[in-house]
Amino acid sequence: MSKFLRCIPIKGLAAFAMIAIFGFSTSDLSAAPRAVVFNFELIDDSVEGQSGQREDEQKRLSLLGDYLRDTLANKGLYEIVDVAPVLEAVSKVRALHSCNGCVEQIAAPLNVEVAFIGYVQKVSNLILNVNVEIRDAKTGQRLKVMSADVRGNNDQSWLRGLKFIIENRIVEQK
C-alpha cells in the first residue's frame with residue numbers, strides 16, 4: 001500500500017473510493033433534449049417517379065427513420081419521443097420539410113425541444129440525396145440542415161448517407 005493511502009483513515013479511504021468510483025464515472029447529469037424524429041419523406045424527381053411509389057423505397061424511408069431514432073437515443077444525444085400520437089396530423093401535410101408553420105404545430109402536443117425532419121430526394125436510380133433538418137420545435141426555425149449525396153438506390157447507399165450525416169454533422173457538433 002502506498003504511503004499516501006496508509007495515512008488516510010479507513011473511513012476516509014472508503015469516501016475516497018466512493019468519489020473515485022461514482023464521482024468521476026458519471027457524465028453530465030443534465031437530461032438530453034427531448035426530440036421527435038418524423039418519418040422520412042421521398043421527393044421523387046426522377047422519370048420513374050411518375051409511375052407512383054415503390055414499395056422498396058417506402059421500406060427504406062422507414063429504415064432511415066428507425067435508424068436515426070435508435071442512433072440518437074443510443075448515443076444519448078436526445079430523448080426520442082414517439083411520433084405515433086401525431087401521425088394523423090402529419091398525414092394531412094403534403095411535405096413537412098416545406099410546410100409553413102406546420103412543424104411547430106404538429107410537434108406542440110409532444111412537448112419536445114427539437115424536431116428532426118428527414119427526406120430523400122431522388123433524381124434518378126443512381127443519384128439520390130439524403131437530407132436531415134433539425135428545427136426548433138417551438139418556433140419551427142431551422143437550426144441545422146444537413147445533406148449527403150449518395151449513389152445507388154438501395155438500403156446500403158441510403159443508410160451510408162444517413163450515417164455520414166449522423167457521425168459528421170450531428171454527433172461531431174453536439
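Analyst: Ile127 lies in strand β5, where strands (E, at least two residues) and helices (H or I, at least four) are DSSP runs numbered from the N terminus. This is a predicted model, in which local features need pLDDT of at least 70, side-chain atom pairs count only at pLDDT 80 or more, and totals for chains, interfaces and linings use all residues. Residues are numbered from 1 along each chain as its sequence is written, and side-chain values use heavy atoms, with hydrogens and water left out.

User: Why is Ile127 called partly exposed?

Analyst: Its relative accessible area is 34%. Buried means under 20%, exposed over 50%, and partly exposed in between (1.4 Å probe, protein chains only). Ile127 is therefore partly exposed.

User: Why does Glu133 count as buried?

Analyst: Glu133, also in strand β5, has 2% relative accessibility and therefore counts as buried.

User: How do you know that the span of helix α3 agrees with expectation?

Analyst: The expected span is 1.5 Å times one less than the number of residues. For the 20 residues of α3 (residues 55–74) this gives 28 Å, and the end C-alpha atoms are 28 Å apart, so the two agree. Just after α3, Gly76 has a positive phi of about 70°.
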